[in-house]
Amino acid sequence: MTAPDTATAAPTDIRSGRLHAEQYQRNFCDAHAPLSLAQARIEADRCYYCFDAPCQTACPTGIDIASFIQRIADDNIRGSAHAILSANPLGGMCARVCPTEVLCEQACVRNSNEDKPVEIGLLQRYATDAYFAKPGAPLFTRAKASGRTVVVVGAGPAGLACAHGLARLGHAVVVLDANAKPGGLNEYGLATYKTVDNFAQREIEWLLSIGGIEIRTDTTLGKNVTLDQLIAKYDAVFLGLGLSGVNDIGIAEPAVPGLRNAVEFIAELRQVDDYATLPVGRRVVVIGGGMTAVDAAVQSRKLGAEQVTIVYRRGPGGMSASAYEQDWAQKNGVTIRHWAAPLEVLAGAQGVTGIRFAVTALNDGKLVETGETFALEADTVLKAIGQSFVAQPLGAKIELQSGRITTDANGATSHPKVWAGGDCRFGGRDLTVEAVEHGKVAALAIDAALQA
Amino acid sequence: MANLTTEFLGIKSPNPFWLASAPPTDKEYNVVRAFEAGWGGVVWKTLGEDPHIVNVYGPRYGTLLGNDRRVIGFNNIELISDRPLQTNLDEIRRVKRAWPDRAMVVSLMVPCEEAAWKRILPMVEDTGCDGIELNFGCPHGMSERGMGSSVGQVPEYIEMVARWCKTYSQLPVIVKLTPNITDIRYPARAAKAGGADAVSLINTINSIMGVNLQTMTMSPSVGKQGSHGGYCGTAVRPIALNMVAEIARDPQTAGLPISGIGGVHTWHDAAEFIALGAGTVQVCTAAMVYGFRIVQDMCDGLSNFMDEQGYTSVSQMVGKAVPSITGWSNLNMNHIEKAVINQDSCIQCGRCHVVCEDTSHQAITATKDGKRHFEIKEDECVGCNLCVSVCPVPETITMRTLAPGEIDKRSGKPVPANYANWTTHPNNPTRVAA
């Protein structure tokens, strides 16, 4: 794998159609098969129905997990879905994408004796899938119309949760989103095998069925509309803008084919109809240590890349991808190399040929380069070292902290008519489930402010 | 390997595990399979008069399920044997000849008429079987025809029929009792008075398994209607154990041999019946859930237990625990226990706390120094054992007996060393002097 610094001789090999049609189908099906009825019953029976359940405390949206599991065991799917969705209107997606191994399932008391928590995520998926398959009468109804209209900017998890909460409380909601489809990262981020069968849109369809929410896509703040205009026109504004900037890798980035942002690659995968049309390199290097890096690396393998390497500048414990995600990457044939930072993208006339790294180490707690270097041959280098908030459309109206929006616990910003939540808000963990909680809490705060 | 050989009313069997009179002992084919698997004996499914009865051809069984669809209880509406009497008698004769070392007891149910019993008894005796069991227990179907539990519920009938059987047959007579009665001692006394050699119990308990809420029909049902059935399996074992013990400790029936029946699924269950006075045990549900080979696990477990405890025969264990059963008024009011939670194995589920808080004595903490922590508050604990019962982790909550002289933090007084029961308690209006 390690090549001389002069890796320029390696021929570029980026192409589509590396696999047979059925291989694509197999590779991009549901990564974790849903539970069958029998499995769900057995798993539900494992729940101890704890007092003041630690799993519920660990859930950013505070879902009453013991109750929703008890209701699965009781054959009360509607009640189970209600327990989930009343706390988390995107409970279906969270069941698929939550890093449960560091949230509810980490807190499960079954870990103490068995090292095997109740499969809360899979049970949550079971309940929500079963409910969405046969929803019946609406689970939630709207309060009497308040006559107020709130604008939500960004139709990602935070914005959608906020919109749903506001609609339940009787307010009219207009949701603006820059993309062609609502959903934010639920639609454009996340690995495809985590959310198959167009689930993001099906979930949004259910969420909007409450009524009172109008979605306007292809509408970008700062381009099609300004914050001033929104503040002037609506009773309140919720910003769920997400992180639209991509951090650069801090070295020269030649404008050649093969060097790109992992988030673009992931978004492309989410929108493509035929995976066979997507080009992928033979040797792919992903730089970064988070979920985006794992999703990009694993999906490169699933598209047929022969060698995929994640390179991260610190050790395994420093990666923001959970141990489970790291394991998942390795099970899918991805090599993870730690303690290396990018030094130079190697490129020839046709495109990327490799990338050279500096070996790193900790010296008195500080990350330093040891002076040793190595290069990896690659025809694709994906950058996944994090996204950043683009504050420019806010003008000087909203106070920031470390480049993200400052809020109080309820999401109130420095402007009395503006609330914010999700990844654009300072101090979070950049989790879907946390974004949902931000939106949910902000909806209550906005409602209180409007009634004041 | 301990010697499991059992002698009950002179009937020898290589182990105390008999199959109860029920579908598993319906015919030669089943019984031969059972003996091949190692069962010590069978009570052949109840014979009646010709023309033979007929069963329904819809569901005959209903089930109470626990976690992971484990069978906790069964109920059934099967009647007695639905084959011609002679067919059964021929098969019984053949099987007994082929398996002379196994107990072969034949269950009988004919109308409460002396002539009917006088007619059938010689035919049964002629098969070479070891004994008869009078089915005064079936609570469904046959009871509507004046047999089964409708006999078992009238002690005078029990005594009368038992006497006929002892008159017209040389065979040992076991009377099978119905639990569908308020005081099991009366039918047992009647059986003894009629000359019966032993009682077996319990037969099944009247039950309805449930209701299909979609169709609003009881379950199981035969088409649009069902009928109450006989309940058995693990769920009935505590009821059966009590009834066996009641008979074992009743001065009027003490020493009367008992064949224990009711939810024996493991060697452990069998040992409990034996400890409360049963000389053999009869099993049905366990076989109907797992098949006949389960007897091998029962024998193996019982044998290992006996070796470990130093018992060299099953009879040494019979009734060993009976003296431990007494009336409530004899219980020692000066015996005080407190629950103890092992913090090392506690998994912090908090169930002990919430049940104590909601339904008992508010004697378990939920937090300590602001952290999740479950600990007994001895000044509130009454030693009720509820927390032990609901804790999902074995051996994590245990009961500690306070030593005489130790201060009971709840009363603030030292634990008295003497035994004192309710009969002398100051709060007892009818107390007697201590």
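The legends below describe close-up views of a predicted model.

**View 1. Domains of chain A and the contact between the chains.** Chain A is divided into domain 1 (2-30 + 246-386), domain 2 (37-133) and domain 3 (149-242 + 389-451). Taken over C-alpha atoms, the centres of domain 1 and domain 2 of chain A are separated by 34 Å. Between the chains, ten residues of chain A are in contact with twelve residues of chain B. The side of chain B that touches chain A consists of six nonpolar, four polar and two charged residues.

**View 2. Strand β6 of chain A and its parallel partners.** Strand β6(A) covers residues 236-239. Ala236(A) and Phe238(A) point one way from this strand, Val237(A) and Leu239(A) point the other way, and all are buried. Strand β3 (residues 149-153) of chain A runs parallel to β6(A) and is joined to it by four bridges. In this pairing, Val150(A) stands opposite Ala236(A). Strand β20 (residues 418-420) of chain A also runs parallel to β6(A), with three bridges between them. Here Val237(A) stands opposite Val418(A).

**View 3. Helix α15 of chain A.** The helix has twelve residues, 291-302. Among the buried residues are Met291(A), Val294(A), Asp295(A), Val298(A) and Lys302(A). In general, an α-helix has 3.6 residues a turn, so residues three or four places apart point the same way. After α15(A) comes Gly304(A), which has a positive phi near 115°.

**View 4. An open four-stranded sheet in chain B.** The strand order is β5-β6-β14-β11, with antiparallel pairing. The edge strands are β5 and β11 (205-207) of chain B, each of which pairs on one side only. From one strand to the next the twist averages 35°. Three bridges hold the antiparallel pair β6(B) and β14(B). Phe74(B) stands opposite Cys232(B), a residue of β14(B).

**View 5. Two cis peptide bonds in chain B.** Most residues other than glycine have a negative phi, and most peptide bonds are trans. The peptide bond from Asp50(B) to Pro51(B) is cis, with omega near -10°. Pro51(B) lies in the loop between β4 (41-47) and β5 (61-65) of chain B. Ser219(B) and Pro220(B) are also joined by a cis peptide bond, with omega about -5°. Pro220(B) is placed in the loop between β13 (217-219) and β14 (229-232) of chain B.

View 6. Trp339(A) is not a glycine, yet its phi is positive, about 55°. This residue is found in the loop between β12 (334-337) and β13 (340-347) of chain A. Trp339(A) counts as partly exposed because it has 19 C-beta neighbours inside 10 Å, whereas a buried residue needs 20 or more. Asp68(B), again not a glycine, has a positive phi of about 60°. Its place is in the loop between β5 and β6 (71-76) of chain B. Asp68(B) counts as exposed because it has 11 C-beta neighbours inside 10 Å, and the limit for exposed residues is 12 or fewer.

Note on methods. Residues numbered from 1 in each chain as written. Chains lettered and ligands numbered in written order. Predicted model: local features only at pLDDT ≥ 70, side-chain atom pairs only at ≥ 80, totals over all residues. Expected span 1.5 Å × (residues − 1). Pairing = 2+ DSSP bridges. Axes fitted to C-alpha atoms, helices over the stretch in contact; angles between N-to-C directions. Contact = placed C-beta atoms within 7 Å. Nonpolar A, V, L, I, M, F, W, Y, C, P; charged D, E, K, R; others polar. Domains from an automatic or database assignment.
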